[in-house]
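Visitor: I'd like to learn how to read a protein model feature by feature. Could you walk me through one?

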Amino acid sequence: MNQPLTLQIEHLNQFYGARQVLFDIDLHIQQGMFGLLGRNGAGKTTLMKTLVTLLPVRKGEVRIDGVLIKQVNKIREMVGYLPQEFTMYGSMTVKGAMEYLALLSELPHATIKRRVPELLDKVNLVEHQHKKVKALSGGMKRRLGIAQALLHDPKLLIVDEPTAGLDPEERVRFRNLLSELAEERIVILSTHIVGDIEATCEHIAIMHEGRLLFTGTVQQLLQAAAGKVYTVTVSRDQVQLWKQGYTVTGMMMQGNSCELRLLSDAPINEAASIVEPNIEDAYMWQLGLHQGG
Ligand SMILES: Nc1ncnc2c1ncn2[C@@H]1O[C@H](COP(=O)(O)OP(=O)(O)OP(=O)(O)O)[C@@H](O)[C@H]1O
């Protein structure tokens with residue numbers, strides 16, 4: 001009865017007019033939290049919009065829990081979406097806006113009465129429910145965004161760049177909320193912030209220029225960069241030279257010298273030490289592989 005949820009994306013190509021922006025995307029995602037990492041313009045939003053049926057699939061196949069994405073009405077009942085630029089009725093109260101959206105989603109009255117308070121509680125906004133939406137902080141607005149995306153209890157929740165502009169405390173709180181929600185559904189978190197992924201996702205994909213560069217676990221990503229990350233101390237005036245020769249992932253100035261953290265496929269020199277990759281190094285390593293660096 002309780003089969004694990006799956007999202008299957010096969011040979012997905014996506015276009016804006018004649019311009020192709022996604023190339024042969026193959027992804028199988030299971031229940032839990034999944035991180036989609038990539039620079040601005042990598043194609044993350046396009047993929048998210050495709051999954052929530054805002055863009056039609058012209059080439060390839062997508063199934064959510066076995067249901068083909070072409071069954072738009074069915075799919076819309078299964079997905080919840082918090083877009084990057086999320087705005088809500090600013091002069092309504094938090095509770096009022098939720099109820100209004102629930103009405104627009106044609107939820108039955110009895111369900112609205114039960115679910116709106118439940119969701120406000122889940123996202124920790126009960127004490128702010130009578131405030132106007134425009135008076136909420138950035139973090140609270142995002143949490144309200146999540147609450148509205150959960151109104152119809154979706155099996156797949158998609159959150160696009162949710163922590164941009166949040167302070168560190170709000171960011172942690174928001175990530176924890178997503179982890180909780182992923183206990184009973186698939187949550188896809190799209191971000192260019194490596195730390196968001198590291199803290200929450202076991203499985204990840206890296207996108208670059210419309211293609212998947214990597215899919216696997218965070219552990220596998222780190223493993224792929226093992227033995228490729230070095231630290232070396234150089235004098236300040238040599239820093240530029242080193243930056244031209246290597247991908248530098250960290251710099252720490254110490255008086256007249258500087259400790260560089262850098263990526264290299266081959267040993268550098270006796271003074272350089274190999275260190276454990278962190279996720280940022282590992283991400284940069286994948287980008288470098290793609291660019292032939
Ligand atoms: N409506 C559109 N029409 C034409 N091209 C578009 C459109 N939206 C996005 N693109 C292009 O598609 C590519 C992928 O953009 P997309 O927004 O999916 O990337 P992203 O990884 O989500 O980046 P960001 O975080 O900046 O939104 C980019 O080259 C972008 O310029």
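Predicted model: local features only at pLDDT ≥ 70, side-chain atom pairs only at ≥ 80, totals over all residues.

Visitor: Which strands does S11 pair with, and in what sense?

Guide: The general idea is that strands of a sheet pair through backbone hydrogen bonds, either parallel or antiparallel. Here S11 pairs with S13 in the antiparallel sense over seven bridges, and Val234 stands opposite Cys258 in S13. S11 also pairs with S14, again antiparallel, over two bridges; there Thr231 faces Ser273.

Visitor: What is the strand order in the open sheet of four strands?

Guide: The order is S2-S1-S4-S5, and the pairing is antiparallel. Its edge strands are S2 (19-30) and S5 (67-68), each of which pairs on one side only. S5 is joined to S4 (residues 59-64) through two bridges in the antiparallel sense, with Ile64 opposite Val67.

Visitor: Now for charges. How many salt bridges are there?

Guide: Side chains of opposite charge can pair when their charged atoms come close. The count for this model comes to eight salt bridges. One of them joins Lys44 and Glu161, whose closest N and O atoms are 3.7 Å apart. Lys44 lies in helix H1 (residues 44-51) and Glu161 in the loop between strand S7 (156-160) and helix H6 (168-181), so the pair ties together parts that are 117 residues apart in sequence. Both Lys44 and Glu161 are buried.

Visitor: Are Asp65 and Asp281 buried or partly exposed?

Guide: Let's take them in turn. Asp65 is partly exposed, at 28% relative accessibility. Asp65 forms a salt bridge with Lys155, the closest N and O atoms being 2.9 Å apart. Because Asp65 sits in the loop between S4 and S5 and Lys155 in the loop between helix H5 (138-149) and S7, this pair connects parts that are 90 residues apart in sequence. Lys155 is partly exposed too, with a relative accessible area of 36%.

Asp281, by contrast, counts as buried at 0% relative accessibility. Asp281 meets Arg261 in a salt bridge of 2.7 Å, N to O.

Visitor: Which residues form a nonpolar patch on the surface?

Guide: Look for Tyr89, Tyr100 and Leu104, which have about 280 Å² of accessible area together. Tyr89 lies in the loop between strand S6 (79-82) and helix H3 (94-104), and is partly exposed at 33% relative accessible area.

Visitor: Stepping back, how many helices and strands are there, and into which domains is the protein divided?

Guide: The secondary structure comes to 10 helices and 14 strands. Domain 1 covers 6-217 and domain 2 covers 227-275, with 39 Å between their centres, taken over C-alpha atoms. From the record, an unreviewed UniProt entry places the feature "domain: ABC transporter" at residues 7-234. Over those residues the chain is 35% helix and 31% strand.

Methods:
Residues numbered from 1 in each chain as written. Heavy atoms only, no water. Patch = residues over 30% accessible without salt bridge, like charges linked within 9 Å, V, L, I, M, F, W, Y side chains within 5 Å. Areas by Shrake-Rupley, 256 points an atom, 1.4 Å probe, with all protein chains shown as cover. Salt bridge = Lys/Arg side-chain N within 4 Å of Asp/Glu carboxyl O. Buried < 20%, exposed > 50% of the residue type's maximum accessible area, 1.4 Å probe, protein only. UniProt positions renumbered as here; feature names shortened; annotations may be inferred. Domains from an automatic or database assignment. Pairing = 2+ DSSP bridges.
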